[in-house]
Amino acid sequence: MTGTDQSSFLGRISIRRNQVNAMEGYHEQEIEDLELFQKQLSDRFAELLSAPDDAPTEAFLSISWIRKLVDVFLCCETECKAILLMERDAAQISKPPLDRLIPELLERVVKAMDICNAVTNGLELVRHCQKLAEIAVSALEQKPFGEGQARRAKKALVSLMSAMHVDDKESSVQKTAERSWSFGRRSGNKDRHHGHYRSLSWQVAKHWSASKQIHAMTMNLAAPRGPEASCLPAPVYILSLIIVFVMWVLIAAIPCQERSGLTTHLPINKHVNWTHSLASIHDKIGEEWKKKEKKGMAGLLYEMQKMEKLGQSLIEFTDSYQFPGEKEKLDEVAAQVAELAEVCRRMDEGLVPLQMLIREAFHRLVRNRTEFLDVLEQGGPVV
């Protein structure tokens, strides 16, 4: 959805709310708004599901794809909040069942803030892997190429594989991220495309668990039924589900502390049209996670998967290399090195913007919670 389309949607709601609420047909108009919102959600997730596998810059679970997912979340948050709060009497929000559903939503928001913080730390590990891969690429591109360059490349590649297969229990991801931060300071902590780079988060607790956060967020999350499915409980459920789903995807894709059991069932109501693509994305990621979880890995991020595959192949080459090497094998390796260099380039261009976007999501969640608390306070006691 373009910014113009979203402005049109928000304007539509504002105009209707400024009309006399008691007029005949007002509830029907609210149902129309909710249906339009759900159609837009369906279109957005259908676009994410249709990501091509043969276009690396747009591939499923690539950095670019994750950025689009976070954008979908930000749009959903804005529109859901408009449906719930714009020009609405605060007393409506404090009545049952919203007096229970809104506080539960705000508890999920707090946990989502923690996940944004942990994922930001995880992106530090991804950057660390990128730097190690760049060292290997630099050594493998040297002309003439000899056994000294092979040893240097192998050292970087072994470190890369070790970092990618980090145990994400307790705080090992955090420790590796800290090593990445130290690595960055060697060059004055300067990113050549984005100016001075600074960590965007504080550290998570030592025994904090990403999977337990997701499990807690799904508690009491159930699709509204009967008349509630077409009134205010519906957007509360939608926003809650989108928050849980997006956080779940971020944890699966990006290194995060303690993710065992992440294949938690999400309470997605598959009987409504807007969730079909979302449910398919959930199933697709869940299957990939089951394949990879037992092996131990940094996450399902497309670029990290490519880096792991290329890194393992190049380690085999450096293990057996003897000067001057066979031309056919050297040509094959040159193609792999070029592919790894391209992966590093995409990471160099995309990781900081992604980290900044997750920071924006974090601050949006903070504002979201504050606004809802203010409305609850106006309408009655906070439960």
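Glutamate 258 is buried in the predicted model, as its relative accessible area of 14% falls under the 20% limit. Glutamate 258 is located in the loop that joins α9 (233-253) to α10 (276-293). The backbone at glutamate 258 has a positive phi of about 60 degrees, although the residue is not a glycine. Leucine 61 also has a positive phi, of about 65 degrees, and is likewise not a glycine. This leucine is placed in the loop between α2 (26-49) and α3, and with a relative accessible area of 4% leucine 61 is buried. Most residues other than glycine have a negative phi, and most peptide bonds are trans.

Two cis peptide bonds are described here. One runs from proline 96 to proline 97, with omega near 0 degrees. Proline 97 belongs to the loop between α4 (90-93) and α5. Another cis bond links phenylalanine 323 to proline 324, with omega near 5 degrees. Proline 324 is part of the loop between α11 and α12 (327-379).

Helices α5 and α11 are in contact with each other. The axes of α5 (residues 98-140) and α11 (residues 302-320) come within 12 Å and cross at roughly 35 degrees, and the crossing is left-handed. On the α5 side, the contact is made by Val126, Cys129, Gln130, Ala133 and Leu140. The α11 side contributes Met304, Met307, Leu314, Phe317 and Thr318. By class, the residues of this contact comprise 8 nonpolar and 2 polar, with no charged residue.

Leucine 125 is another residue of helix α5. This leucine counts as buried because its relative accessibility is 0%. The C-alpha atom of leucine 125 is separated by 9.0 Å from that of isoleucine 254, although the two residues are 129 apart along the chain. Isoleucine 254 is also an end residue of the span 234-254, which an unreviewed UniProt entry lists as "transmembrane region". In the model, the span is 95% helix and 0% strand. Its end C-alpha atoms lie 30 Å apart.

Valine 70 lies in helix α3 (residues 63-85). At 2% relative accessibility, valine 70 is counted as buried. Beyond residues up to four places away in sequence, valine 70 touches Leu250, Leu357 and Ala361. The C-alpha atoms of valine 70 and isoleucine 358 are separated by 7.2 Å, while the sequence places these residues 288 apart.

Over the whole protein chain, the secondary structure consists of 12 helices and 2 strands. Their order along the sequence is α-α-α-α-α-α-α-β-β-α-α-α-α-α. Of the 383 residues, 52% count as buried. Among contacts between residues at least 6 apart in sequence, 81% join residues at least 24 apart. The chain exposes about 17,900 Å², of which carbon and sulfur atoms supply 51%.

Key. Residues are numbered from 1 along each chain as its sequence is written. This is a predicted model: local features need pLDDT of at least 70, side-chain atom pairs count only at pLDDT 80 or more; totals for chains, interfaces and linings use all residues. Side-chain values use heavy atoms; hydrogens and water are left out. Helices (H or I, at least four residues) and strands (E, at least two) are DSSP runs, numbered from the N terminus. Buried means under 20% relative accessible area, exposed over 50%, partly exposed in between (1.4 Å probe, protein chains only). Contact means heavy atoms within 4.5 Å. Accessible areas come from the Shrake-Rupley method with a 1.4 Å probe; for residues, only the protein chains shown count as cover. Axes are lines fitted to C-alpha atoms, for helices over the stretch in contact, and angles run from 0 to 180 degrees between N-to-C directions. A crossing is left-handed if the near helix is turned anticlockwise from the far one by less than a right angle, and right-handed if clockwise. Ala, Val, Leu, Ile, Met, Phe, Trp, Tyr, Cys and Pro count as nonpolar, Asp, Glu, Lys and Arg as charged, and the others, Gly among them, as polar. UniProt positions are given in the numbering used here, feature names are shortened, and annotations may be inferred rather than shown by experiment.
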